[in-house]
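Here are my notes on the model, point by point. Please read them with the structure open.

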Amino acid sequence: MTVQVGDIIPDATLHYVPFDPEASLQTCTRPLPYNLHEKLKGKKAVIFAIPGPFTPTCSETHVPGFIAAADALRAKGVAEIICVSVIDGFVMNAFAKVAGSGNKIIMAGDGNGALTKALGLEADLSKAGLGLRSKRFALVVEDLVVKYVGVEEAPGVSVSGAEAVLAKL
């Protein structure tokens with residue numbers, strides 16, 4: 001079943017590397033757990049998913065849009081902005097550094113796809129050589145309750161991009 005407005009976000013643990021302005025791209029920091037229920041209880045958050053770090057739409061449009069809109073999202077009460085991909089936290093850390101997300105976005109890996117599967121938003125991208133990943137989506141969550149769901153049915157970021165999310169806040 002696909003996540004819907006009014007659902008409680010799954011109690012999943014992602015893995016991320018906290019932003020460190022001194023860390024180079026070659027620094028191999030071990031990812032830390034990020035439990036959604038622990039971290040998001042009592043907060044407003046945006047969770048958006050990318051099918052793959054370093055892929056064109058993710059690198060050129062989706063992530064840069066949220067980086068640019070981070071201050072506007074925070075002004076609307078968003079405490080956490082989390083970018084998720086079905087990949088390990090090490091790759092998400094490298095992508096964060098290359099994308100320049102700094103401390104604006106938590107770049108987290110959903111390594112085994114537990115969150116993605118629990119949301120019902122997995123995608124088989126084997127034909128593109130990517131294997132099992134997530135659909136491109138965005139969620140707005142308040143105190144663990146889903147308030148907005150935007151899942152892309154076609155290429156682009158019409159319902160999952162920062163502009164669409166801002167319009168729903």
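1. Which residue in E5 is the bridge partner of Ile 82? The partner is Ile 106. Keep in mind throughout that this is a predicted model. The bridge belongs to a parallel pairing: strand E4 (residues 80-85) and E5 are joined by 4 bridges.

2. E5 also pairs with E1, this time antiparallel, through 2 bridges. Here His 15 sits opposite Gly 109 of E5.

3. Next, the side chains of E5, which spans residues 106-109. In a regular strand, side chains alternate between the two faces of the sheet. In E5, Ile 106 and Ala 108 point one way. Met 107 and Gly 109 point the other way. All four are buried.

4. Now the aromatic residues. How many aromatic pairs does a search of the whole structure find? There are 3. One of them joins Tyr 16 and Tyr 34, edge-to-face, with 5.4 Å centre to centre and 85 degrees between the planes. Tyr 16 is in strand E1 (residues 13-16) and Tyr 34 in strand E2 (residues 32-35), so the pair ties together parts 18 residues apart in sequence.

5. Another edge-to-face pair is made by Phe 54 and Phe 95, at 5.0 Å centre to centre and 65 degrees between the planes. This pair links distant parts of the chain, 41 residues apart. Phe 54 is in the loop between strand E3 (44-49) and helix H2 (56-75), while Phe 95 is in helix H3. Are the two buried or exposed? Phe 95 is buried, because its relative accessible area is 2%, under the 20% cut-off. Phe 54 is partly exposed, at 44%.

6. Together with Leu 25 and Val 98, Phe 54 forms a nonpolar surface patch. The accessible area of the three together is about 290 Å². Val 98 is part of helix H3 (residues 89-99). Val 98 counts as exposed because its relative accessibility is 52%, and the cut-off is over 50%.

7. Stay with helix H3 for Asn 93, which is found there. Asn 93 is a buried residue, with a relative accessible area of 9%. What does Asn 93 contact, leaving aside its neighbours within four places in sequence? The contacts are Val 17 and Thr 27.

8. The search of the whole structure finds 2 salt bridges. In one, Asp 143 pairs with Lys 41, and the closest N and O atoms are 3.7 Å apart. The partners are 102 residues apart in the chain. Asp 143 is in the loop between strand E8 (137-142) and strand E9 (145-151). Lys 41 is in the loop between helix H1 (36-40) and E3. Asp 143 is partly exposed at 36% relative accessibility, whereas Lys 41 is exposed at 55%.

9. Lys 43 and Glu 80 form a salt bridge too, with their closest N and O atoms 3.5 Å apart. They are 37 residues apart: Lys 43 in the loop between H1 and E3, Glu 80 in strand E4. Lys 43 is partly exposed, with a relative accessible area of 31%. Glu 80 is buried, at 17%. Please inspect the Glu 80 side chain in the model.

10. Finally, Ala 162, which is placed in helix H5 (residues 162-168). Where does this residue stand on burial? Ala 162 is buried, with a relative accessible area of 7%. Which residues does Ala 162 contact, beyond its neighbours within four places in sequence? They are Gly 65, Phe 66 and Ala 69. Ala 162 and Val 46 are 116 residues apart in sequence, yet their C-alpha atoms are 9.4 Å apart in space.

Key: Residues numbered from 1 in each chain as written. Predicted model: local features only at pLDDT ≥ 70, side-chain atom pairs only at ≥ 80, totals over all residues. Heavy atoms only, no water. Patch = residues over 30% accessible without salt bridge, like charges linked within 9 Å, V, L, I, M, F, W, Y side chains within 5 Å. Areas by Shrake-Rupley, 256 points an atom, 1.4 Å probe, with all protein chains shown as cover. Salt bridge = Lys/Arg side-chain N within 4 Å of Asp/Glu carboxyl O. Buried < 20%, exposed > 50% of the residue type's maximum accessible area, 1.4 Å probe, protein only. Phe/Tyr/Trp six-rings, centres within 6.5 Å; stacked < 30°, edge-to-face > 60°. Contact = heavy atoms within 4.5 Å. Pairing = 2+ DSSP bridges.
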